[in-house]
Amino acid sequence: MKRAMFVGAIGCGKTTLLQRLNRLTIHYNKTQSVEFFKNIIDTPGEFIEHRRMYTNIATTAMDADVVVLLQSATDQRLIFPEAFSTMFGRPVVGVVTKIDLVTTLDQLKWAEKQLKEAGAQRIFEVSALKGLQLDEFQAYLEKK
Ligand SMILES: Nc1nc2c(ncn2[C@@H]2O[C@H](COP(=O)(O)OP(=O)(O)OP(=O)(O)O)[C@@H](O)[C@H]2O)c(=O)[nH]1
Ligand SMILES: [Mg+2]
């Protein structure tokens, strides 16, 4: 089991994915600070949206085996700096979230591109809300 830190924009779906992976009731709950839940470290979207909080991301990442960058398929804002992954010195993967809301292939491609440019080595695509395509990501996290 890997310990994973979730990083992504406000509202991209980090907490919802955590709830789904842990078979918790799905309910909206704004993340206010770093929260540990079993093998997942959840962070507030503010950490990545405000550059002055990058140090919080860096220090929190020290507790993680893998950093997971999450990008909503429906949010077209640029969130991750290019080669963001290089600051971690640990594996970095990406998750495109909210694929249930995707209407064009371009949306998916755009989200994947953001994650690749940020340095994600592998990309998963999921819908936490509808419970779509979660198996591959779950299996990845469960492997040592
Ligand atoms: N349609 C759809 N909505 C989703 C999905 N995942 C999350 N949402 C919705 O997006 C909103 C924000 O979800 P959160 O999981 O709280 O987002 P977050 O990344 O934890 O946000 P912060 O805690 O503010 O950083 C909620 O209203 C969720 O219901 C999804 O897969 N599909
Ligand atoms: Mg949250």
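**A strand and its surroundings**

Strand E1 is joined to strand E4 (residues 66-72) by 5 bridges, and the two run parallel. Helices (H or I, at least four residues) and strands (E, at least two) are DSSP runs numbered from the N terminus, and two strands pair if DSSP finds at least two bridges between them. This is a predicted model, in which local features need pLDDT of at least 70 and side-chain atom pairs count only at pLDDT 80 or more, while totals for chains, interfaces and linings use all residues. Residues are numbered from 1 along each chain as its sequence is written, with chains lettered from A and ligands numbered from 1 in the order in which they are written.

E1 also runs parallel to strand E3 (residues 40-42), through 3 bridges. Look at Ala4: its bridge partner in E4 is Val66, and in E3 it is Ile40.

How enclosed is E1? Of its 5 residues (4-8), 5 are buried, so the rest of the structure largely encloses this strand. Buried here means that 20 or more other C-beta atoms, placed from the backbone, lie within 10 Å of the residue's own. In a regular strand the side chains alternate between the two faces of the sheet. On one side of E1 sit Ala4, Phe6 and Gly8, on the other Met5 and Val7, and all are buried.

Now follow Phe6. Beyond its neighbours within four places in sequence, Phe6 is in contact (C-beta atoms, placed from the backbone, within 7 Å) with residues including Leu18, Ile41 and Val68.

Key. Buried ≥ 20, exposed ≤ 12 C-beta atoms within 10 Å, placed from the backbone. Contact = placed C-beta atoms within 7 Å.
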